[in-house]
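Subject: A structure for you to look at

Hello,

Here is the structure I promised to pass on to you. Please open it first, and then read my notes below alongside it.

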Amino acid sequence: MLQELVPFIDRHPILSVTWVTLLVGVTLTFIKNYFSKVKEIIPTEAILMMNKQQALVVDIRAKEEYRKSHIIGSINVEKNNFKNNKSYELEKHKARPIIIVCAHGVSSLTFAKQLYKMDFQKIYSLKEGISGWNKANLPLAKSKSK
């Protein structure tokens with residue numbers, strides 16, 4: 001098998017380099033996530049944490065998006081407000097598990113890492129965000145327009 005590898009690489013150098021690059025990228029991503037202090041959780045894990053550990057769900061989307069649909073019992077702390085040192089809303093919840101939610105699960109992971117650096121210890125990011133919650137057919141609430 002190994003004796004076939006070298007001729008394959010010689011005949012297909014671009015394919016070989018691409019494959020090795022993807023392998024290294026996936027491996028590094030896996031290692032980074034494994035050792036990360038912030039864990040991504042799926043919607044069913046979030047529900048269990050909300051019910052058994054009184055986890056607080058923090059939705060970091062814009063107010064208008066939050067009003068259209070949000071996880072029942074969540075609070076809205078826009079990430080822009082937090083960047084302006086308005087973290088006082090979350091300070092009183094430092095001891096609780098906190099699940100950060102955004103639209104697709106990308107900015108919530110970054111925001112969760114920021115919170116971890118500020119001594120929040122039980123921080124989680126909802127994988128795929130609200131879109132993942134929708135895919136799982138879980139209920140969402142709507143705020144009344146003001």
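Predicted model: local features only at pLDDT ≥ 70, side-chain atom pairs only at ≥ 80, totals over all residues.

Residues are numbered from 1 along each chain as its sequence is written, and side-chain values use heavy atoms, with hydrogens and water left out.

**Overall picture**

The protein has 8 helices and 5 strands; helices (H or I, at least four residues) and strands (E, at least two) are DSSP runs, numbered from the N terminus. Starting at the N terminus, their order is α-α-β-α-β-α-β-α-α-β-α-β-α. The radius of gyration is 20 Å, well over the 15 Å that the globule rule gives for 146 residues, so the protein is more spread out than a compact globule. That radius is taken over C-alpha atoms, and the rule is 2.2 Å times the number of residues to the power 0.38. Along the principal axes, the C-alpha trace spans about 70 × 30 × 30 Å.

Of the 146 residues, 32% are buried. Here buried means under 20% relative accessible area, exposed over 50%, and partly exposed in between (1.4 Å probe, protein chains only). The exposed surface comes to about 10,000 Å², with carbon and sulfur atoms supplying 60% of it; these areas come from the Shrake-Rupley method with a 1.4 Å probe, and for residues only the protein chains shown count as cover. Among contacts (heavy atoms within 4.5 Å) with a separation of 6 or more, 66% join residues 24 or more positions apart.

**Helix α2**

Helix α2 covers residues 13-35 and reaches 33 Å from its first C-alpha to its last, close to the 33 Å expected at 1.5 Å a residue. The expected span is 1.5 Å times one less than the number of residues. This helix is hardly covered, with a count of 1 buried residue among its 23. Ser16 sits in α2 and is buried, at 13% relative accessible area. Leaving out residues up to four places away in sequence, Ser16 touches Phe8 and Ile9.

Ile99 belongs to strand β4 (residues 98-101) and is buried, with a relative accessible area of 1%. Beyond its neighbours within four places in sequence, its contacts include Ile41, Met49, Val57 and Leu126.

Leu109 is part of helix α7 (residues 107-117) and is buried at 16%. Setting aside neighbours within four places in sequence, Leu109 is in contact with Val38, Glu40 and Ser125.

**Two positive phi angles**

Which residues other than glycine have a positive phi? Glu128 has a phi near 70 degrees; this residue lies in the loop between β5 (123-126) and α8 (129-135) and is partly exposed at 34% relative accessibility. Asn137 has a phi of about 55 degrees; Asn137 is in the segment after α8 and counts as exposed at 69%.

Enjoy exploring!
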